[in-house]
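This report goes through a two-chain model, beginning with a single residue and ending with the contact between the chains. Please keep the sequence and the structure at hand while reading.

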Amino acid sequence: MTRMEFMRRLQRGLRGAPREVLAAIVLDYEGYFDDGVRAGRSEAELALALGDPGRVASELRLEVDARQWEADRTMAVGLRIAAGALGLALVDSLLLGPLCLAVILCAAGILSTIALALAGCYVLVISPFDDPAGGLAAAILHGIGLIAGGVAGAAGLSLASTWLIDALSWYGRVHRRAFRPLFLPQKTNNSGQPS
Amino acid sequence: MAESNEIQLKRGVLELCVLALLARGDSYAYEIATRLAAEIGMGEGTIYPLMRRMQADGLLEDYLVESSSGPPRRYYRLSKAGRTSLSSQRESWEVFSRAIDRILKRPSSRSRHAGGAA
């Protein structure tokens, strides 16, 4: 990503922030690129070190809005904070929704493979007494086939759901480490000064 | 898991590190960011929002310095509140790290214990 591209996406993510705040943030990151280039690094390398501009913008955005809310508890600011949080939640649900759905499908799949295996047991045990259409051997093979299919399906699906849950827990960790430090201002800042 | 823990640990002391670096002398964000990236492996992008927050909290003050090779540079220095915060955070850190060191110390004292009991 070029410097221009980074700054453009950063500013797009911060649209609607107070003008002087936006200007200060833009100055910060322009300064970062200026200093980095002066130190002999490429713009692409510098942009890479900063990470995804959309992500940087939404973190800054929530910080900015939270400060404004502390100073000025108006409806407009409150709504913007709610919209920002919802926007992040939406991004998350777009990512997490399909993952959760896949986990649920896997669970349902495992249940149905178990049912398949039980059906196989039923065919295997009951059919010899029931005068099966294709003969005794065919009924027994039918039962064994159903059981084997059920067990194989359950094994495959539980492997898949292990991967899915790994993915969910990875996402949870990344998410938490991206957000916690910015969201929780440290108490020592304000209350740690007794004198 | 280990990687995530390490990042949480670094995040926790990042503010203390910024305060300590600025206590040695005024500096600008790029210098602090690259320094902390090199020494404790923190992403350079994380320093800018942090310093902005610290400034808004009144821990840092900024001023512009004209530069011969480009636009003016924003320097930061510690405010009075920043110095107070540094000394209280430094003290917390020292108490905490001494306690952790004691807990982590290899049990070389066990042989002494066993000798005393025998």
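Two residues are taken to be in contact if their C-beta atoms, placed from the backbone, lie within 7 Å. The model is a predicted one, and every value below was computed from it. Leaving aside neighbours within four places in sequence, A:Ala17 is in contact with A:Leu22, A:Arg61 and A:Val64.

A:Ala17 belongs to the loop between α1 and α2 of chain A.

When the neighbours within four places in sequence are set aside, A:Ala57 is in contact with A:Leu10, A:Gly13 and A:Leu14. Between A:Ala57 and A:Leu10 there are 47 residues of separation in sequence, whereas the C-alpha to C-alpha separation in space is 5.4 Å.

## Chain A as a whole

Chain A contains seven helices and zero strands, so that, read along the sequence, its pattern is α-α-α-α-α-α-α. Of its 195 residues, 14% count as buried. Among the contacts in chain A with a separation of 6 or more, 64% are accounted for by residues 24 or more positions apart.

How do α1(A) and α2(A) pack, in terms of angle and distance? Their axes are 11 Å apart and the angle is about 165°; angles over 145 degrees count as roughly antiparallel, and α1(A) and α2(A) are therefore roughly antiparallel to each other. The crossing in which α1(A) passes α2(A) is right-handed. On the α1(A) side the residues are A:Arg3, A:Met7, A:Leu10 and A:Gln11, and these meet A:Val26, A:Tyr29 and A:Phe33 in α2(A). By class, this contact has five nonpolar residues, one polar and one charged.

Chain B has five helices and three strands, which run from the N terminus on as α-β-α-α-β-β-α-α. Buried residues make up 23% of its 118 residues. Of the contacts in chain B between residues at least 6 apart in sequence, 46% join residues at least 24 apart.

Within this chain, the axes of α2(B) and α3(B) come within 9 Å and cross at roughly 130°, and the two helices are therefore oblique to each other. α2(B) passes α3(B) in a right-handed crossing. The contact is made by B:Ala29, B:Ile32, B:Ala33, B:Thr34, B:Leu36 and B:Ala37 of α2(B), together with B:Glu44, B:Ile47, B:Tyr48 and B:Met51 of α3(B). These residues divide into eight nonpolar, one polar and one charged. Looking at one of them, B:Ala33 touches B:Glu44, B:Ile47 and B:Tyr48, not counting residues up to four places away in sequence.

## The nonpolar core

The largest nonpolar core has 32 residues, and those with the most contacts inside it are B:Val18, B:Ala29, B:Ala33, B:Ile47, B:Tyr48, B:Met51 and B:Leu60. Both chains contribute to this core: the elements that give two or more residues are α1 (3–13), α2 (19–38), α3 (43–50) and α4 (53–71) of chain A, along with α1 (2–24), α2 (29–40), α3 (44–56) and β3 (73–78) of chain B.

## Where the chains meet

How many residues of chain B are in contact with chain A? There are 27, and they are in contact with 26 residues of chain A. On the side of chain B that touches chain A, two or more residues come from each of α1, α2, α3, β3 and α4 (80–104) of chain B. α3(B) gives the most to this side, with seven residues. By class, the residues on this side of chain B divide into nine nonpolar, ten polar and eight charged.

Technical notes: Residues numbered from 1 in each chain as written. Chains lettered and ligands numbered in written order. Predicted model: local features only at pLDDT ≥ 70, side-chain atom pairs only at ≥ 80, totals over all residues. Core = buried A, V, L, I, M, F, W, Y, C linked by C-beta atoms within 7 Å. Buried ≥ 20, exposed ≤ 12 C-beta atoms within 10 Å, placed from the backbone. Helix = DSSP H or I, 4+ residues; strand = E, 2+ residues; numbered from the N terminus. Nonpolar A, V, L, I, M, F, W, Y, C, P; charged D, E, K, R; others polar. Axes fitted to C-alpha atoms, helices over the stretch in contact; angles between N-to-C directions. Parallel < 35°, antiparallel > 145°, perpendicular 65-115°, else oblique. Left-handed = near helix turned anticlockwise from the far one by under 90°.
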